[in-house]
Amino acid sequence: MPSLTRRRLLRHAGGAAVALPVAGAAGELFATSQSASGAAASASADVTGRLARYMVAARDRELPAQVVLDAKHRILDTLAAMVSGAELPPGLAAIRYVRSQGGTLEASVLTTSLRTTAVNAALANGMFAHADETDDFEPVTKAHPGSAVVPAALAMAEKDRRSGTEFLRAVVLGYDVCCRFLMALGPDHVRGTHRSAEGTSATFGATAAAALLARLDERGTRFALSYGAQQVSGLWSWTRDEDHIEKAFDFAGMGARNGVTAATMVQAGFTGVAEVLDGEHNMILALSSQPHPEEMVKDLGTRFYVSESAIKVFSVGYPIQSALDALLALRREHKLTPENVTRILVRLPEDGARIVDGNAMPDVNLQHLAAVALIDGTVSFEMSHSRERMKDPQVLAVKAKVQLVGDRSLVDPAAPRSGAVEATLTDGRTVSHFTKHPPGTKENPLSAAAVAAKARDLMAPVIGAARADAVISRVDKIEDVRDARDLVRLMRRP
């Protein structure tokens, strides 16, 4: 007769049980070995189960009309970022890499004729999505949910031929799990320990979206969460990347790949740990000395992070959005020119200022972009990515007038990415403007027409105006999409 341990394993593998008791000495060891912090982290009962059950039900749950609209805007915004990013260095690097990998023809690499595994497609399309710094951003957690969640969901939806509605619901779920994961760890704590909030959250958001589209039951969803948890990673060292290639991987490609890997492994029959968010050595305790496990499930079904992420109006690092908005407002109101301005003082919250202060990448360099904005009266997609413009003598001359200050007084949880600009003029006057919430935030949202216009500007140069308009129309009526491949077909080569 099999031993108790053997019988437990047999039952577990057969699917008759989700969580089984630990007996004997091992159980006693578990009961006596929890540290004080471990006890605090596990004080909230069954976080894994409550989250997994919500995730399973989310596949069929009707969403509020405003949430559906917000999700459509984020999906369109991210698809446009993917299409435009395919032709930038991170996108080209991803295409070369994935092409060399081969693989089962499950999902498409956008803008190409290449089809590969869902895992590889998620990796490439994820890198596309963050290649041009135009993907969305959640101001409180500092997550970039769309660039990982949407590519993961698209790959799974194409592989398994899911409907547009199921794809949208997966995206909404992915945003929720992505941002709540950082809230459970403490977003400031994550960065305070040299880790990337963006990379750390991307895997969990992508895992949630992929698990929904894999149609996993509660048991399988628990396992997918565990496989996602084992892959969570990301260092804040990305700030030293000079080419934006590793940054695109760290923020998006890595997380999208990891999430699809977790879901497809469970689809293939992998079993795993059923309670990765609870008990001894759980993920939240392992990754945070300030754990808040209830944040993983707080307000699920009533608070939707897809409605709280900010859509960028400029294809630049998010801390710069408010500064550009403020500077351009001053330029319009006071007719500022490079000739009549002697000094530009920009004040940003300290954490954001550190990221964009003299960064080697043109689209993440505050001083460079402020100079371009003053000269051009805007910051176009082309100019924000132009390394040649960084060497322009006129730009360098204006850049020398720009001073950036990290201001502790602007560290405000209610407005975490504000910006103030003060310009001193040749006639001695000083003019200033403060942008508390840049355009595209939930407090200052973009209209549907503005989101569509941005998407059209990004996609048309790559796939043509007609197909760009077709993508916009299809996403607007995504409920009518019966097979995700019909949507993907508009963004790939025959």
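1. Helix α9 is mostly covered: 21 of its 22 residues are buried (buried is under 20% relative accessible area, exposed over 50%, partly exposed in between, with a 1.4 Å probe and protein chains only). Helices here are DSSP runs of H or I with at least four residues, numbered from the N terminus.

2. This is a predicted model, in which local features need pLDDT of at least 70, side-chain atom pairs count only at pLDDT 80 or more, and totals for chains, interfaces and linings use all residues. Residues are numbered from 1 along each chain as its sequence is written, and side-chain values use heavy atoms, with hydrogens and water left out.

3. The length of α9 checks out. The helix covers residues 164-185, and its end C-alpha atoms lie 32 Å apart, in agreement with the 32 Å that its 22 residues should span at 1.5 Å a residue. The expected span is 1.5 Å times one less than the number of residues. Gly186 follows α9 and has a positive phi, near 95°.

4. Helix α5 takes in residues 65-85, 21 residues in total. From first C-alpha to last it reaches 30 Å, close to the expected 30 Å. Of these 21 residues, 18 are buried, so α5 is largely enclosed by the rest of the structure.

5. Now the cysteines. The whole structure holds zero disulfides (a disulfide is a pair of cysteine sulfur atoms within 2.5 Å). Cys178 is in no disulfide, and its nearest cysteine sulfur, in Cys179, is 4.6 Å away. That distance is too far for a bond.

6. Are Cys178 and Cys179 buried or exposed? Cys178 is buried, at 2% relative accessible area. Cys179 is buried too, at 0%.

Key. Helices (H or I, at least four residues) and strands (E, at least two) are DSSP runs, numbered from the N terminus.
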